[in-house]
Amino acid sequence: MYTYQTGVKLHDTDAAGVLFFANYFRLTHEAYENFMASVGFEFYHIIHEADYVVLIVHAECDFKRPLYVGSKVTVEIAAGNIGKTSFTLNYTVVNADGNVVASGNSVHACVDKQGFNARVLPDGLRAALEGIA
């Protein structure tokens with residue numbers, strides 16, 4: 001499992017100071033970007049230098065408790081299914097009291113940049129995902 005700690009900012013919330021539902025995806029995506037960088041797959045390199053991209057093709061989230069401006073959270077990431085050309089990440093968002101406030105997943109597909117055809121996951125990425133499965 002990979003963990004990432006962050007907090008809820010004012011711009012993440014609605015007029016009542018409650019985390020706007022779509023920003024749960026921002027929290028999980030921020031954790032995902034940090035995970036990828038931590039295993040040597042920085043998005044700058046993928047976008048500007050690699051001959052492939054990793055696209056999110058599905059995402060879902062269940063909301064269990066509200067978060068408020070100033071809330072501290074930990075996003076836990078575990079790999080689910082790791083296929084030949086795609087993988088699933090499972091997210092659990094936990095507040096400072098240890099309560100699960102949201103859970104969800106995202107499915108990622110590796111494709112070539114030219115025709116967006118499926119391609120095999122890079123070996124290093126597969127190994128990193130297996131390390132958090």
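**Figure 1. Contacts across the whole protein chain.** In this predicted model, residues 24 or more positions apart account for 63% of the contacts in the protein chain with a separation of 6 or more. The secondary structure comes to 3 helices and 5 strands, and reading along the sequence gives the pattern β-α-α-β-β-β-β-α. The radius of gyration is 16 Å, close to the 14 Å that the globule rule gives for 133 residues, so the protein chain is as compact as a globular protein of that length. Along the principal axes, the C-alpha atoms fill a box of roughly 45 × 25 × 20 Å.

Figure 2. How much of the protein chain is buried? Buried residues make up 44% of the 133 residues.

Figure 3. Phe 63 has its place in strand β2, which covers residues 52-63. Is Phe 63 buried or partly exposed? Its relative accessibility is 41%, so Phe 63 counts as partly exposed.

**Figure 4. The ring pair of Tyr 24 and Phe 63.** A search of the whole structure finds 5 aromatic pairs. One of them is formed by Tyr 24 and Phe 63; this pair is tilted, with 5.0 Å centre to centre and 50° between the planes. The pair links distant parts of the chain, with Tyr 24 in helix α1 (residues 23-38) and Phe 63 in strand β2, 39 residues apart. Tyr 24 counts as buried because its relative accessibility is 4%, whereas Phe 63 is partly exposed, with a relative accessible area of 41%.

**Figure 5. The ring pair of Tyr 32 and Phe 43.** Tyr 32 and Phe 43 form an edge-to-face aromatic pair, with 5.4 Å centre to centre and 65° between the planes. Because Tyr 32 lies in helix α1 and Phe 43 in helix α2 (residues 43-48), the pair ties together parts that are 11 residues apart in sequence. Tyr 32 counts as buried at 1% relative accessibility. Phe 43 has 17% relative accessibility, and it counts as buried because the cut-off is under 20%.

**Figure 6. A cluster of rings.** Which residues do ring pairs link into a cluster? They are Phe 20, Phe 21, Tyr 24 and Phe 63.

Notes. Residues are numbered from 1 along each chain as its sequence is written. This is a predicted model: local features need pLDDT of at least 70, side-chain atom pairs count only at pLDDT 80 or more; totals for chains, interfaces and linings use all residues. Side-chain values use heavy atoms; hydrogens and water are left out. Helices (H or I, at least four residues) and strands (E, at least two) are DSSP runs, numbered from the N terminus. Buried means under 20% relative accessible area, exposed over 50%, partly exposed in between (1.4 Å probe, protein chains only). Rings of Phe, Tyr and Trp (its six-membered ring) pair if their centres lie within 6.5 Å; planes under 30 degrees apart count as stacked, over 60 as edge-to-face and the rest as tilted. The radius of gyration is taken over C-alpha atoms; the globule rule is 2.2 Å times the number of residues to the power 0.38. Contact means heavy atoms within 4.5 Å.
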